[in-house]
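User: Hi, I'd like to go through this structure with you, one piece after another. Could you keep the answers plain?

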Amino acid sequence: MTQFTIGIIGSKGRMGEALKIAIAEAAHGYAGGVDADDSPDALTALAESADILIDFSAPQALEANLDAAIAAATPMVIGTTGLEERHHWLIDSASESIAVLQTGNTSLGVTMLAHLVREAASRLGEDWDIEIAEMHHRHKVDAPSGTALLLGEAAAAGRGVDLTEVSDRGRDGITGARKQGDIGFVSLRGGSVAGEHQVIFAGEHERIELTHRAENRALFARGALRAAEWLMGKQPGRYTMPDVLGL
Ligand SMILES: NC(=O)C1=CN([C@@H]2O[C@H](COP(=O)(O)OP(=O)(O)OC[C@H]3O[C@@H](n4cnc5c(N)ncnc54)[C@H](OP(=O)(O)O)[C@@H]3O)[C@@H](O)[C@H]2O)C=CC1
Ligand SMILES: O=C(O)C1=N[C@H](C(=O)O)C[C@H](O)C1
């Protein structure tokens with residue numbers, strides 16, 4: 001495989017550190033990294049010197065990161081979660097001039113899980129209630145997780161509905177009975193859990209539970225590298241993990 005150099009945005013964070021190990025294992029080059037206290041000039045220089053950027057930082061950094069990648073014509077893998085609608089517009093706009101791969105989870109297992117969820121949701125009727133549960137370490141700052149949301153998108157796509165219309169987040173108090181067709185989310189936080197996701201299809205007298213457990217961050221780092229290897233040399237456009245796996 002052709003080796004290339006990678007710049008990490010969020011290089012001193014948990015994912016940044018895992019990614020540096022994965023880059024060394026894969027014998028790619030490490031072009032350097034930036035973090036919250038680095039200057040805009042450092043970001044510009046990194047985007048110019050790296051063959052590709054991988055971003056595991058924070059949503060508030062995304063606009064500047066994309067601007068730097070566009071100016072340097074450098075492709076970019078985005079793993080940062082907690083993105084809002086406006087961030088997705090920015091990614092859509094950037095993908096007109098550079099290749100961008102954005103995903104809430106770089107794990108190959110979660111990518112397959114999303115595929116299975118979409119399939120199950122398309123075949124089971126709306127009388128099967130869909131609930132998505134996730135658990136992460138105590139340091140995680142966003143909820144629901146990016147993965148829970150991508151699994152919700154997969155379920156909604158299987159049903160041919162818009163997730164924003166059926167999403168039920170943060171139940172508390174007298175909520176009333178569950179609305180048929182809703183997709184529910186629950187987030188647990190604690191300890192050092194790398195990431196667990198469960199999609200429950202609850203029918204009358206029976207239940208299907210599809211679960212993914214991430215045992216460490218190395219798998220996310222290796223998945224991000226696989227995404228970067230796939231993205232190198234691609235035409236400008238917006239891509240995601242199923243493209244990498246050919247799903
Ligand atoms: N898609 C996926 O598969 C995965 C996604 N994630 C996501 O990746 C992100 C990072 O996770 P994690 O590594 O655990 O978080 P950490 O908090 O450990 O690391 C975040 C890093 O980003 C840096 N950062 C924050 N703001 C900026 C900024 N404006 N510009 C540049 N760097 C910045 C921080 O720098 P400083 O320390 O100086 O503040 C820190 O080094 C999260 O959104 C998380 O949900 C995590 C795992 C897998
Ligand atoms: O913050 C994390 O740690 C993780 N974030 C991603 C998410 O929000 O789904 C992916 C993974 O679950 C770990």
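User: Let's start with the sheet: which order do the six strands come in, and is the pairing parallel or antiparallel?
Analyst: In this predicted model, the six strands form an open sheet in the order 2-1-3-4-5-11, and the pairing is parallel. Strand 2, residues 29-34, and strand 11, residues 237-239, are the edge strands, since each of them pairs on one side only. From one strand to the next, the twist averages 20°.

User: What holds paired strands to each other in general?
Analyst: Strands of a sheet pair through backbone hydrogen bonds, and the pairing can be parallel or antiparallel.

User: How many bridges join strand 3 to strand 4, and how many pair strand 1 with strand 3?
Analyst: Strand 3, residues 52-55, is joined to strand 4, residues 76-78, by three bridges, while strand 1, residues 5-9, pairs with strand 3 over four bridges in the parallel sense. On the strand 4 side, isoleucine 54 stands opposite valine 77, and leucine 53 stands opposite methionine 76.

User: Which way do the residues of strand 3 point, and are they buried or exposed?
Analyst: Ile52 and Ile54 point one way, Leu53 and Asp55 point the other way, and all are buried. In a regular strand the side chains alternate between the two faces of the sheet, so a pattern of this kind is what one would look for.

User: And what is isoleucine 52 in contact with, if we skip its neighbours in sequence?
Analyst: Leaving aside neighbours within four places in sequence, isoleucine 52 is in contact with Phe4, Ile6, Thr74, Pro75, Met76, Val77, Ala228, Leu231 and Met232.

User: Which residues touch the most other members in the largest nonpolar core?
Analyst: That core has 43 residues, and those touching the most other members are Leu19, Ile52, Ile54, Ala69, Val77, Ala224 and Ala228. Helix 8, residues 218-231, gives the most to this core, with eight residues. Apart from it lies another core, of 17 residues, which includes Val117, Ile132, Phe185 and Val199.

User: Switching to the ligands, which residues come nearest to ligand 1?
Analyst: There are 27 residues around ligand 1, and of these Gly10, Gly13, Met15, Ala61 and Gly79 come nearest. Helix 1, residues 14-25, supplies the largest share of this shell, with three residues. Sorted by class, the shell around ligand 1 has eight nonpolar, 14 polar and five charged residues.

User: What surrounds ligand 2?
Analyst: Ligand 2 is surrounded by Thr81, Gly104, Asn105, His136, Lys140, Ser145, Gly146, Thr147 and Gly195. By class, this shell has no nonpolar residues, eight polar ones and one charged one.

User: Now alanine 114: where does it lie, and is it buried or exposed?
Analyst: Alanine 114 lies in helix 5, residues 108-123, and it counts as buried because 30 other C-beta atoms lie within 10 Å, where the cut-off for being buried is 20 or more.

User: Which residues other than glycine have a positive phi?
Analyst: Alanine 27 is one of them, with phi near 60°, and histidine 205 is another, with phi near 70°. As background, most residues other than glycine have a negative phi, and most peptide bonds are trans.

User: Where do alanine 27 and histidine 205 lie?
Analyst: Alanine 27 is found in the loop between helix 1 and strand 2, whereas histidine 205 lies in the loop between strand 9, residues 195-203, and strand 10, residues 206-214.

User: Why do alanine 27 and histidine 205 count as exposed?
Analyst: Alanine 27 is exposed because it has 8 other C-beta atoms within 10 Å, and histidine 205 counts as exposed because it has 5 C-beta neighbours inside 10 Å, the cut-off for exposed being 12 or fewer.

Notes
Residues are numbered from 1 along each chain as its sequence is written. Chains are lettered from A and ligands numbered from 1 in the order in which they are written. This is a predicted model: local features need pLDDT of at least 70, side-chain atom pairs count only at pLDDT 80 or more; totals for chains, interfaces and linings use all residues. Two strands pair if DSSP finds at least two bridges between them. Helices (H or I, at least four residues) and strands (E, at least two) are DSSP runs, numbered from the N terminus. Axes are lines fitted to C-alpha atoms, for helices over the stretch in contact, and angles run from 0 to 180 degrees between N-to-C directions. A nonpolar core is a set of buried Ala, Val, Leu, Ile, Met, Phe, Trp, Tyr and Cys residues joined through C-beta atoms within 7 Å. Two residues are in contact if their C-beta atoms, placed from the backbone, lie within 7 Å. A residue is near a molecule or strand if its C-beta atom, placed from the backbone, lies within 6 Å of it. Ala, Val, Leu, Ile, Met, Phe, Trp, Tyr, Cys and Pro count as nonpolar, Asp, Glu, Lys and Arg as charged, and the others, Gly among them, as polar.
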